[in-house]
2 protein chains.
Amino acid sequence: MIVTVTPNPALDLTWHVDRILPGGTHRADTGVARAGGKGLNVARVAHAHGAPVRALATAGGPTGDEFAAELAASGVPHELIPVRGATRRSIALVDEHLGDTTIVNERGLNPGPEEWAALAEAVRRSLGDAPVRGRKPVLVLSGSLPPGAPDELLPGLIRLGRNVGATVIADTSGPALLAAADAGATVLKPNAAELAEATGIADPVAGACELLHRGASLVLLSRGADGMLAVTSEEIVRARLAEPLAGNPTGAGDAAVAACAVLLARGVKDPVALLRRATAWSAAAVLMPLAGEIHPSWPDLESAVMVDSPSLTALRRPSVERTPR
Amino acid sequence: MIVTVTPNPALDLTWHVDRILPGGTHRADTGVARAGGKGLNVARVAHAHGAPVRALATAGGPTGDEFAAELAASGVPHELIPVRGATRRSIALVDEHLGDTTIVNERGLNPGPEEWAALAEAVRRSLGDAPVRGRKPVLVLSGSLPPGAPDELLPGLIRLGRNVGATVIADTSGPALLAAADAGATVLKPNAAELAEATGIADPVAGACELLHRGASLVLLSRGADGMLAVTSEEIVRARLAEPLAGNPTGAGDAAVAACAVLLARGVKDPVALLRRATAWSAAAVLMPLAGEIHPSWPDLESAVMVDSPSLTALRRPSVERTPR
């Protein structure tokens with residue numbers, strides 16, 4: 001069982017406009033509404049690939065009703081914790097002419113203490129519902145927190161997961177990344193910029209070691225077109241495709257987390273296996289127009305993933321030649 | 001009693017962004033949602049100035065729920081006709097740095113025949129509810145129609161109004177403007193471009209006469225910074241301010257319609273009085289950030305309105321010098 005938590009979900013609204021003129025007035029067909037948020041992207045990908053999933057999120061106000069309706073239609077098993085504040089909106093205007101997308105993300109409203117407590121209780125209950133059969137449940141904590149959320153929220157959920165024997169994956173950034181490591185998250189998945197920013201250490205391997213030292217077991221470092229790096233206390237493994245793929249990178253990191261969660265929920269712990277699948281699903285997500293989906297050709301991509309244990313010197317060399325075209 | 005009909009209402013959503021970069025990702029505070037549409041703007045202004053009003057519109061789906069909640073909070077008396085299709089959205093991104101606004105209007109969904117019939121029945125009932133006391137009710141039909149709406153809709157509502165003795169104001173454009181004149185709308189309020197486009201006649205006075213010939217009694221022609229023109233079968237009157245005002249022109253035409261509706265509902269029929277108030281309220285709307293509101297200084301603006309009966313030659317001269325700065 002994989003339990004995903006999205007602490008700052010959003011109703012994603014997308015409109016397609018022929019050509020966006022700043023300051024202009026445009027006509028568009030009805031926008032598409034989707035229940036969004038990184039934890040939900042993870043749950044969608046894992047559910048679509050047969051893993052038992054429960055997606056947890058808050059929902060409030062009329063936007064929360066629309067969020068709930070879309071999530072119900074998606075078929076992803078879920079539980080929504082009712083909150084007083086309206087679910088935030090995230091809006092995307094796709095310029096059909098240029099192909100680029102202008103995005104406005106609302107920051108979100110901070111639930112009250114009793115609403116956060118209800119979310120924690122739902123996490124506890126969901127992990128308890130997980131079938132045992134010798135397999136640990138996996139708790140995934142993904143995405144931003146609303147402004148004003150308590151510093152203790154994420155560490156508290158991580159400890160709650162560890163206390164009931166769950167494997168915990170956290171995809172977060174900033175001070176929350178260090179707090180997640182301190183609280184003993186099993187897997188952390190920063191990208192290189194997030195890792196450097198949180199640890200204050202420019203070198204990615206040294207930064208990953210700092211997170212391991214604090215209490216994490218595995219750091220999966222996403223490096224964009226350079227693939228991914230798995231760092232444990234015992235090894236450093238690198239995975240990448242021969243040629244980076246062009247496409248939509250939104251949701252690629254969530255697909256990597258989903259790969260990791262699905263394998264961990266099946267009892268697979270080998271960092272190389274996790275890294276290979278995470279790299280393949282991440283690349284397969286780049287081929288899809290929407291976050292929360294991966295391309296069915298992922299097994300071919302996984303076959304093409306090159307894995308090695310690079311020298312530290314090679315890792316520290318900037319890789320200008322691998323910028324995607 | 002003023003009954004306003006908004007056949008293609010919208011949930012207006014507005015976000016303020018520091019500086020909009022096309023193709024970029026932006027953070028914003030929670031957007032503001034408002035029940036929008038030209039007929040509702042008319043109803044808001046008339047209601048705020050003490051006129052008995054009932055605003056009629058359709059509402060459906062989760063956006064319709066949000067629309068209904070905001071309209072209820074506004075205090076404007078209203079009746080919403082439930083429809084299956086979701087109320088359309090209109091989104092506005094305000095660039096706080098440049099001060100301009102990028103707008104995307106959804107086209108809207110066409111209600112079914114029985115839903116349009118329910119709207120007509122609500123119009124009939126609302127006009128029947130109007131207190132008599134020798135004063136005719138005023139029916140205001142404002143704004144666009146959803147794509148696919150029956151051609152007979154607007155003429156049918158106009159005839160319905162005329163049959164129960166109401167004064168009918170229609171603010172529409174395209175072929176619907178001619179159809180409204182044919183159906184005997186009392187007052188029509190096109191702008192110069194709409195009039196020329198609908199009649200195929202470049203000269204505004206000749207275009208207005210075409211509408212009078214078809215069946216209208218008064219044409220109020222909005223001319224932007226050049227003020228307004230009232231054309232009846234007996235006179236041509238021009239009204240304007242000495243200096244055009246800078247501000248937000250959205251909703252200025254709706255304020256003019258509201259002025260007209262409020263005076264007509266009080267039994268005032270003099271075209272000069274209607275024109276003077278319409279020009280003042282239109283200018284007072286330009287001073288407000290939101291459509292559906294007018295600045296409380298409107299009586300001073302009305303005092304400053306200059307009214308004359310221009311020669312046709314003066315009207316036909318292009319007025320390059322009066323472009324607002």
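**Salt bridges**

I counted salt bridges over all chains of this predicted model and got 30, taking as a salt bridge a side-chain nitrogen of Lys or Arg within 4 Å of a carboxyl oxygen of Asp or Glu. One pair crosses between chains, from A:Asp29 in the loop between E3 and strand E4 (32-36) of chain A to B:Arg107 in the loop between E8 and helix H3 (113-129) of chain B. Helices (H or I, at least four residues) and strands (E, at least two) are DSSP runs, numbered from the N terminus. I read 2.7 Å between the closest N and O atoms of A:Asp29 and B:Arg107. A:Asp29 is exposed at 53% relative accessible area, and B:Arg107 is partly exposed at 33%. For these labels, buried means under 20% relative accessible area, exposed over 50%, and partly exposed in between (1.4 Å probe, protein chains only).

Next I looked up A:Arg84, whose side chain meets that of A:Glu114 in a salt bridge of 2.9 Å, N to O. A:Arg84 sits in the loop between E6 and strand E7 (88-95) of chain A and A:Glu114 in helix H3 (residues 113-129) of chain A, so the pair ties together parts 30 residues apart in sequence. A:Arg84 is exposed at 63% relative accessibility, while A:Glu114 is partly exposed at 43%.

B:Arg84 is exposed, with a relative accessible area of 64%, whereas B:Glu115 is buried, with 8%.

I also noted a network of salt bridges that links A:Lys38, A:Asp171 and A:Asp254.

**Conventions**

Residues are numbered from 1 along each chain as its sequence is written, and chains are lettered from A and ligands numbered from 1 in the order in which they are written. Local features need pLDDT of at least 70, side-chain atom pairs count only at pLDDT 80 or more, and totals for chains, interfaces and linings use all residues, with side-chain values based on heavy atoms and with hydrogens and water left out.

**Interface of chains A and B**

How much area do chain B and chain A bury between them? I get about 2,900 Å², 51% of it on carbon and sulfur atoms; buried area is the accessible area (1.4 Å probe) that two parts lose on being put together, summed over both. B:Arg27, B:Arg89 and B:Arg107 supply 20% of the area that chain B buries against chain A, more than any other three residues.

By contact (heavy atoms within 4.5 Å), 32 residues of chain B touch 32 residues of chain A. I count four salt bridges between the two chains.

Which element gives the most to the side of chain B that touches chain A? I find E8(B), with six residues.

Strand E3 (residues 25-28) of chain A runs parallel to E8(B) over four bridges, where pairing requires at least two DSSP bridges between two strands. A:His26 stands opposite B:Val104, and A:Arg27 has B:Asn105 as its bridge partner. I noted that A:His26 and A:Ala28 form the covered face of E3(A), and A:Thr25 and A:Arg27 the uncovered one.

**B:Glu66**

I located B:Glu66 in helix H2 of chain B. Is it buried or exposed? B:Glu66 is buried, at 12% relative accessible area. Its side chain joins that of A:Arg89 in a polar contact of 2.8 Å. A polar contact is a pair of N or O atoms within 3.5 Å; within protein, one must be able to donate a hydrogen and the other to accept it, and residues adjacent in sequence count only if both atoms are side-chain atoms. Beyond neighbours within four places in sequence, B:Glu66 is in contact with A:Pro62, A:Thr63, A:Arg89, B:Leu11 and B:Ala33.

Helix H1 (residues 38-48) of chain A has eight of its eleven residues buried, among them A:Leu40 and A:Val42. Just after H1(A), A:Gly50 takes a positive phi of about 85°.

I traced an open sheet of ten strands with mixed pairing, in the order E6-E5-E1-E9-E10-E11-E12-E13-E14-E15 (chain A). Its edge strands are E6 (78-82) and E15 (306-308), each pairing on one side only. Strand E9 (residues 138-142) and strand E10 (residues 167-171) of chain A run parallel, joined by five bridges. A:Leu141 stands opposite A:Ala170 in E10(A).
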